[in-house]
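Let's walk through this one with an eye on its charged side chains. Have the structure open as you read.

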Amino acid sequence: MMQLAVSVHKQLGAFNLTADFTVTGQRIGLFGPSGSGKSTLMHLLAGLLKPDRGTLRLDQTPLFDSANRINLAPEARRIGVVFQHNHLFPHMSVRRNLLYGWKRTPVHERHIDPEAIIEVLQLGKLLDRGVNLLSGGERQRVALARTVLTCPRLILMDEPLTGLDEELKFQIISYLNSVFSRFEIPLLFISHSLMEIRLMTEQILIAEQGVIKRRMATEELARSIWSTPGQSYVNLLHLGRPQPLGDLWSYQWGDIRLILTEYGANNENIFELDAREIVLFKHHPEATSARNVLPCTVRNLFTAGNRVRVELQCGSNTLTVQIVPESKRELELAPGKEVVAVIKASAFKKVL
Amino acid sequence: MPFLQPSDLDAIRLSFQVACAATVVSTPLGIGVAYVLVYTRIPGKSLIEGLTNLPLVLPPVVVGYLLLLLFGRRGWIGSWLMEHNIQVIFTLTGAIIASSVVGFPLLVRSIRLGMETIDPAYRMAARTLGSGPWDTFFTVTLPLSGKAVFVGMTLMFARSLGEFGATIILAGNIPGITQTIPLAIYEYTGTPGGDRMALSLCLVSILLSYVVLLISGAASRSLDRR
C-alpha cells in the first residue's frame with residue numbers, strides 16, 4: 001500500500017493551487033475539470049515544478065519540505081510519469097525508448113523484467129521501429145512500458161486516454177489493468193472522465209478550482225455526480241465467465257446469475273447498465289419479455305428534481321435505478337421495501 | 001588546376017584550415033552559450049546575448065581592431081599570452097580567432113533556434129525516467145538539436161571561408177601564413193595585371209561555397225529522414 005501525504009501551495013501567475021490530503025491505497029484517481037490544478041499537482045509530485053511552500057511525502061520519504069529545505073530532484077524521486085502526449089524520444093527506436101529509464105535504474109531496484117512488460121503490452125513486433133511510425137495506441141503502450149521499467153514507487157498518469165478513440169481507449173484500459181495488477185505499482189490516475197476513473201481507481205481526490213482536499217470512494221462520486229442535470233448514473237457490473245444458455249449467455253454476478261445477449265471473452269467482463277434501463281415491479285411479473293427478474297431490497301432513495309435514484313440490494317450486489325417521483329409513490333418505495341427489478345438481456349453494454 | 005599559382009593553393013589550404021579550426025573550436029562553446037541563453041535564468045544573460053550578437057552588426061574591421069587591442073602586446077589577453085610566449089597577432093591562430101569571433105553569432109543563433117523548438121516535455125520525461133541534468137543534456141537535448149547545430153556549423157564554416165576585415169587587421173596578409181582566399185584576391189586586385197588571377201580565385205571561391213551548400217543541404221535532408 002502506498003501512502004501519499006501532500007500539503008503544498010503553488011502560485012502560477014493568476015492561478016493558485018492548494019493541495020492538502022493524505023491517501024493510502026494502490027489506485028488513486030485525481031478527478032476534476034480542466035484547469036482545476038490536476039496537472040499542476042502532478043508536476044509538483046514528479047519534481048518538475050517546485051511548490052512555494054509545504055511538504056510532500058511518499059511513504060516514508062520526504063520529497064519536498066520547505067521548512068527543512070528538502071527538494072529531491074525528479075530523477076531521485078523514483079516516481080514515474082506517463083504524459084498525455086506520451087513524449088517518446090523521437091530520435092530513438094522503440095527499444096531504446098523502452099530501455100532509457102531501465103538503464104538508469106539502480107540494479108538492485110530493477111525488479112521488472114523488460115521481456116515481461118514487452119509481452120504484457122505486446123510490444124515485441126514494434127521494438128526496432130522508429131517511434132514516429134507508431135499509432136496513437138502503440139505510442140501510449142510504449143510510453144507506459146518505458147515508465148513501468150523504471151520500477152517506480154508510484155506512477156502518475158496524466159489523462160493518458162484523452163485523444164484516443166473509444167474502442168482504443170477501452171483496449172488501453174485493459175492493458176493498464178493487466179500491467180498494474182501484475183506488477184503491483186501504485187497508481188495516481190489523472191482524468192476528467194468519470195468512466196475512466198471508475199474503471200481504473202478505487203478512491204479519488206477531487207480537484208476543484210485549484211483546491212485539492214476532498215477524498216472519497218470512486219463509486220460515491222459516481223453517485224453524487226448523478227444529481228447534475230442531464231447526467232444519468234451508469235452501473236458498472238463485474239461479471240464472470242459466460243456460459244452458453246440457448247442463444248444467450250449466462251454470467252455469474254456475485255451470488256446471482258444474469259442473462260445477456262452479448263458475449264465476453266475474459267475471465268472478468270465489465271458491462272455498463274444505464275440506471276434508466278431497469279424497470280421496477282411491486283410483485284414478481286408472471287411472464288415478461290425481459291430475461292432478468294431480480295428480487296431486491298430498497299436500501300436508499302434520493303430525489304433530485306423530477307428524478308429519483310433508488311439504490312437496491314440484489315443478493316450481495318448493489319444496483320442503482322433511476323425512476324420518476326410518480327413511480328416512487330405508486331410503488332410505495334421506502335428503505336427496506338422488497339421490489340423486483342427487471343432488466344432486458346440486451347440492456348447491458350460491454351465495456352471491457 | 002594549371003591556372004592557379006602555388007601561392008593560390010596555399011591560400012586555399014589556409015582558408016580550409018582557418019574555417020575548419022574556427023568551426024571546430026567554436027562549436028562546443030556555441031552549444032554552451034546557446035544552452036545558457038535558452039535554458040538558464042542567470043543574471044547578466046542579456047549582456048551575454050548582446051556580446052555574442054555584437055560581431056554580427058559591427059563592421060568586421062571594428063571587430064578586428066578590438067581584437068587587436070585585446071590580443072596586442074599591451075592588451076589584457078595579449079600581455080598574459082606574452083608571458084607564456086604565445087603570439088597571436090600575424091599568425092594562423094590570429095586568423096582563426098578573427099574568424100571564430102565573426103562567425104560565432106551565426107552559430108549561436110542557429111543552435112539557439114533549434115533548442116527553443118524542442119518541446120520541454122522531452123526533458124521532463126527524461127528526468128522522470130531517472131536521468132540527471134547532464135545526462136538529459138547529452139542524451140536528449142543535444143541529439144534533438146543536432147540538425148540546428150549542424151546548420152550553425154555550416155553557416156560558420158561558410159562565413160569563415162569569406163572572412164576578410166577582422167582577419168586582415170588581426171592576422172595581416174602574409175602569403176603562406178595568414179593569406180586566405182579573400183586576402184589573396186584583395187592583393188591581386190591591387191597588383192597591375194592581377195585581374196585574371198583574381199578572377200580564377202573568385203571561381204574557386206564560388207565553387208567552394210557551392211560545395212559547402214550542397215553538402216549542408218544533403219546532410220540536413222538525411223537528418224530529416226531519420
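## Salt bridges at a glance

Over all chains, the count comes to 19 salt bridges, taking a salt bridge as a side-chain nitrogen of Lys or Arg within 4 Å of a carboxyl oxygen of Asp or Glu. Keep in mind that this is a predicted model, where local features need pLDDT of at least 70, side-chain atom pairs count only at pLDDT 80 or more, and totals for chains, interfaces and linings use all residues. As for bookkeeping, residues are numbered from 1 along each chain as its sequence is written, chains are lettered from A and ligands numbered from 1 in the order in which they are written, and side-chain values use heavy atoms, with hydrogens and water left out.

## The overall build of chain A

Chain A has nine helices and 22 strands; these are DSSP runs numbered from the N terminus, with helices being H or I of at least four residues and strands E of at least two. Its C-alpha trace spans about 70 × 45 × 30 Å along the principal axes. Of its 352 residues, 54% count as buried. Here buried means under 20% relative accessible area, exposed means over 50%, and partly exposed is in between (1.4 Å probe, protein chains only).

## A buried pair and its neighbour

Glu159(A) forms a salt bridge with Lys38(A), and the closest N and O atoms are 3.7 Å apart. This pair links distant parts of the chain: Glu159(A) sits in the loop between strand 8 (154–158) and helix 6 (166–183) of chain A, Lys38(A) is in helix 1 (residues 38–46), and 121 residues separate them. Buried or exposed, what are Glu159(A) and Lys38(A)? Both are buried.

Now look at Asp158(A), which is found in strand 8 of chain A. At 7% relative accessibility, Asp158(A) counts as buried too. Leaving out residues up to four places away in sequence, Asp158(A) touches Ser39(A), Met42(A), Val82(A), Phe83(A), Gln84(A) and Ile190(A). Phe189(A) is 31 residues from Asp158(A) in sequence, yet the two C-alpha atoms are 6.6 Å apart.

## Bridging the chains

Which residue of chain B forms a salt bridge with Glu75(A)? That's Arg127(B), with the closest N and O atoms 2.7 Å apart. Glu75(A) lies in helix 2 (residues 74–77) of chain A and Arg127(B) in helix 6 (residues 120–128) of chain B, so the pair joins two chains. Glu75(A) is partly exposed, at 23% relative accessibility.

Asp128(A) is in the loop between helix 4 (114–120) and helix 5 (136–148), while Arg95(A) is in helix 3 (residues 94–103), so to speak 33 residues away in chain A. Asp128(A) is exposed, with a relative accessible area of 62%, whereas Arg95(A) is partly exposed at 36%. Elsewhere, a network of salt bridges links Arg299(A), Arg309(A) and Glu311(A).

## A helix in chain B

Helix 8 of chain B (residues 146–161) has 16 residues and reaches 23 Å from its first C-alpha to its last. That is close to the 22 Å expected at 1.5 Å a residue, a figure calculated as 1.5 Å times one less than the number of residues. Its buried residues include Ala148(B), Val149(B), Gly152(B), Met156(B) and Phe157(B).

Technical notes
Contact means heavy atoms within 4.5 Å.
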